[in-house]
Amino acid sequence: MDYGKFKFEQAKKNQQAKKKQKKVQLKEVKFRPNTEEADYQVKIRNLRKFIEQGNKVKVTIMFRGRELAHRDIGSNMLDRLVKDLEDEVVVEQRPAKMEGRFMIMLLAPKTNK
């Protein structure tokens, strides 16, 4: 077998492997500590849509001004979010600490094996 034919077959093999890949995107949903119930439900619906598409979701809670003194409200909201979506998502990264004015959590879809 000559080298040119070998290189061509390798390139074809790589193309086929690349074609079968699924790229996972990172989507973001932002909350505020005082997000009302109706807005919360809309954001949950969008989050579910992202998870069903197979994407990972970054949930961010933004604090401004005096809200920084009430970090417990933000952590309660994230706990509620995990409880509402516990059958659909896996928590990849819990919010360990504040990152500036943000509290961040990563969610990934559950894999059914």
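**Exercise 1. The surroundings of Met-103**

Task: Leaving aside its neighbours within four places in sequence, which residues is Met-103 in contact with?

Solution. Step 1: Contact means heavy atoms within 4.5 Å. With neighbours within four places in sequence left aside, the contacts of Met-103 are Val-59, Thr-60, Ile-61, Phe-63, Arg-71, Gly-74, Ser-75, Leu-78, Pro-95 and Met-98.

A word on the model before we go on. It is a predicted model, where local features need pLDDT of at least 70, side-chain atom pairs count only at pLDDT 80 or more, and totals for chains, interfaces and linings use all residues. Residues are numbered from 1 along each chain as its sequence is written, and side-chain values use heavy atoms, with hydrogens and water left out.

Step 1: Find Met-103 in strand E4. Helices (H or I, at least four residues) and strands (E, at least two) are DSSP runs, numbered from the N terminus.

Step 2: Check burial, where buried means under 20% relative accessible area, exposed over 50% and partly exposed in between (1.4 Å probe, protein chains only). Met-103 counts as buried because its relative accessibility is 8%.

**Exercise 2. Helix H3**

Task: Which residues of H3 are buried, and what covers them?

Solution. Step 1: Check the length of the helix. The expected span is 1.5 Å times one less than the number of residues. H3 has 14 residues and reaches 20 Å from its first C-alpha to its last, close to the 20 Å expected.

Step 1: List the buried residues of H3: Gly-74, Met-77, Leu-78, Leu-81 and Val-82. They lie on the same side of H3, because they cover an arc of only 135 degrees around the axis. The arc is that of the directions from the helix axis to the C-beta atoms.

Step 2: Name the cover. The buried residues of H3 are covered by elements including E1, H2, E2, E3 and E4.

**Exercise 3. Helix H2 and what follows it**

Solution. Step 1: Start with the buried residues of H2, which are Tyr-40, Ile-44, Leu-47, Phe-50 and Ile-51. An arc of only 120 degrees around the axis holds them, which puts them on the same side of H2.

Step 1: See what the buried residues of H2 pack against: strand E1 (26-31), E2, H3, strand E3 (89-93) and strand E4 (102-109).

Step 2: Just after H2, Gly-54 has a positive phi of about 90 degrees.

Step 3: Visit Leu-85, in the loop between H3 and E3. Its relative accessible area is 0%, so Leu-85 is buried. Not counting residues up to four places away in sequence, Leu-85 touches Ile-44, Leu-47 and Arg-48.

**Exercise 4. Rings and charges**

Task: How many aromatic pairs does the structure hold?

Solution. Step 1: Apply the rule that rings of Phe, Tyr and Trp (its six-membered ring) pair if their centres lie within 6.5 Å; planes under 30 degrees apart count as stacked, over 60 as edge-to-face and the rest as tilted. There are two aromatic pairs.

Step 1: Take Tyr-3 and Phe-6, a tilted pair with 6.4 Å between centres and 35 degrees between the planes. These two are three residues apart in helix H1 (residues 3-19), so about one helical turn separates them. Tyr-3 is exposed at 59% relative accessibility, while Phe-6 is partly exposed at 39%.

Step 2: Phe-31 and Tyr-40 also form a tilted pair, 5.9 Å centre to centre with 45 degrees between the planes. Both residues are buried.

Step 3: Look for charges over these rings, meaning NZ of Lys or CZ of Arg within 6 Å of the ring centre and within 35 degrees of the ring normal. The charged end of Lys-43 sits over the ring of Phe-31, 5.7 Å from its centre. The charged end of Arg-80 sits over the ring of Tyr-40, 3.9 Å from its centre.
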